Amino acid sequence: MSLPSEHATAPEPLAPAFGPPSDPGPRSCAPIVSYVGIATIFIGMAAFAPLALLPFYPDETALAPCFIFPGLIAMAAGYLLYFAVPSPSRAFRLSKGQAAVCTLLIWVIAIAVYAAPFVLAGMLTIPQAVYESTSGLTTTGLSVVDVDTCPQVLLFHRSLTCYLGGVGLVLILTCVITPSGGLGVYNAEGHTDRLLPGTAKTARMILLIYTGIIAAGVLAYCAAGMSLFDAVNISMCAVSTAGFATHAESIAFWASPTIEAITIVLMLAGGLNFLALFLLLQGKVRAFLTHIETPVYFGIVAVGSLVVAGFFLAQGVSENAAEALRDALFQVSSVLTSTGFQTIPSFVDLGAALMFLFMLLMFIGAEARSTSGGIKVYRIAVAARGLGHGLRQRYGNKRRITSIKINRFGKRSVLSADDIEEAQTFVVIYVLVFIVGTFLLILCGATLQEAAFDFASCLGNTGVGTGFLGPSASDAALDIASLGMLLGRLEIIPLFMGASTLVGMIVKRRRHGHQ
């Protein structure tokens, strides 16, 4: 089995069963089937990983079939898909539409496979399991599982979905879906930067950085007094900015300033642009610090923490100024990076003003090309610079023609009109999706505050909520929330493009079949 290379030439003829040989164009099914088959095999293999815990928890051996059967079925289906069509030539490159379809199908398959253990174990209904699986893979962290009674193997399964969703599936799409597609999750943010020459080398470097930070977090947590099981799970969820916890009280369970400090560092690291983080690890501190996102990212954390600390102190959430600043720094870091860990009992009792501030942080998100959700700091900065420039051009000195220059990874570059338009368009689309999602949750019985806050959390992949999206939520509400989480993780446009392209391919197949 071989993956396609990055160099483009004409594709090989496709099998008649999946597309006429004379039509190997952007709507052909064969390359999609082949690439989705490869990814499905990997998804099935990863489903077996939680079984490694059974020797340490022999009482949970009865749960083994809950992972074995979904894994085997996924692997078998993947092999059938891969061998059902001729393999694309090593020179074949997917079109944008094909890449979007692959992206969508791989995520849907992963959600279904990783939802199955919850259903087979009798813990959750199908809508609840899909919600839980989607929440993990999109690194959202909203949950309907009672973690205090949940078996350890299923707790690890939840955390593993966060690890895979944070960067694992991204790497699959980066390796399998060629750069020409441009709409893999990792490339969906509108950037083409690479850490190293070549997609495969970049993917390996990202995985090394990502896993290395998680390993460092495990060691730090163990040194701070966590059990190894908790350390592994919390570190995976912190770096992937997911927020699934092993205790109902989240990070507040340990009541440890040291553990909170470690978590803050891991969350902020997970929210960094991988290329910027790579520059920092290389010792290129100046390039890291002057990158357009870095000062804005840490500036929001600093200012937001001070403002929220004032509210915490005034409302009695914290007992003194030092505790207020500690709680505020943790929660601002958690919400901005879309992690969702908590050290405060509830967000519902914070009041409308604080909930509004946290909603703004959900909208902003952390840096582009990170594991976080939201609009992203890069887009916010570019859209704001473009807006300011447009206002000056329209209402300022019209004889003065200037360009917008920004510092990207240590280099000065000029923002093109397309860069600005893309960022501003995404902001508008994001807000429109938020409005529609909020309205749909209101129809499901939520109040305006519950609907707005919870859907903002879903769309921003944040993981904090009012409690409306809990075990007692209706299936319709959970389905809407799941779609919102997937839209946020796939950056909205790839999901719509993938869905429309897939529908177009199906319609074309039917028409072709009737001719």
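This is a predicted model: local features need pLDDT of at least 70, side-chain atom pairs count only at pLDDT 80 or more; totals for chains, interfaces and linings use all residues.
Trainee: Which side chain makes a polar contact with the side chain of Ser318?
Mentor: Begin with what Ser318 touches, leaving out residues up to four places away in sequence: Phe312, Leu313, Glu323, Ala324 and Asp327. One of these residues also makes a polar contact, side chain to side chain, at 2.9 Å. That partner of Ser318 is Asp327.

Trainee: How do α3 and α4 lie relative to each other: roughly parallel, roughly perpendicular or oblique?
Mentor: Helix α3 spans residues 96-120 and helix α4 spans residues 126-137. Their axes come within 8 Å and cross at roughly 125°. Since 65 to 115 degrees counts as roughly perpendicular and over 145 as roughly antiparallel, that angle makes α3 oblique to α4.

Trainee: How many nonpolar residues does the contact of α3 with α4 have?
Mentor: On the α3 side, the contact includes Trp107, Ile111 and Phe118, and on the α4 side it includes Val130, Glu132 and Leu137. By class, two residues of this contact are polar and one is charged, while the nonpolar ones number 11.

Trainee: What percentage of the residues in the protein is buried?
Mentor: Now the whole picture, friend: the protein has 18 helices and two strands. Of its 515 residues, the buried ones make up 56%.

Methods: Residues are numbered from 1 along each chain as its sequence is written. Side-chain values use heavy atoms; hydrogens and water are left out. Axes are lines fitted to C-alpha atoms, for helices over the stretch in contact, and angles run from 0 to 180 degrees between N-to-C directions. Helices (H or I, at least four residues) and strands (E, at least two) are DSSP runs, numbered from the N terminus. Angles under 35 degrees count as roughly parallel, over 145 as roughly antiparallel, 65 to 115 as roughly perpendicular and the rest as oblique. Contact means heavy atoms within 4.5 Å. Ala, Val, Leu, Ile, Met, Phe, Trp, Tyr, Cys and Pro count as nonpolar, Asp, Glu, Lys and Arg as charged, and the others, Gly among them, as polar. A polar contact is a pair of N or O atoms within 3.5 Å; within protein, one must be able to donate a hydrogen and the other to accept it, and residues adjacent in sequence count only if both atoms are side-chain atoms. Buried means under 20% relative accessible area, exposed over 50%, partly exposed in between (1.4 Å probe, protein chains only).
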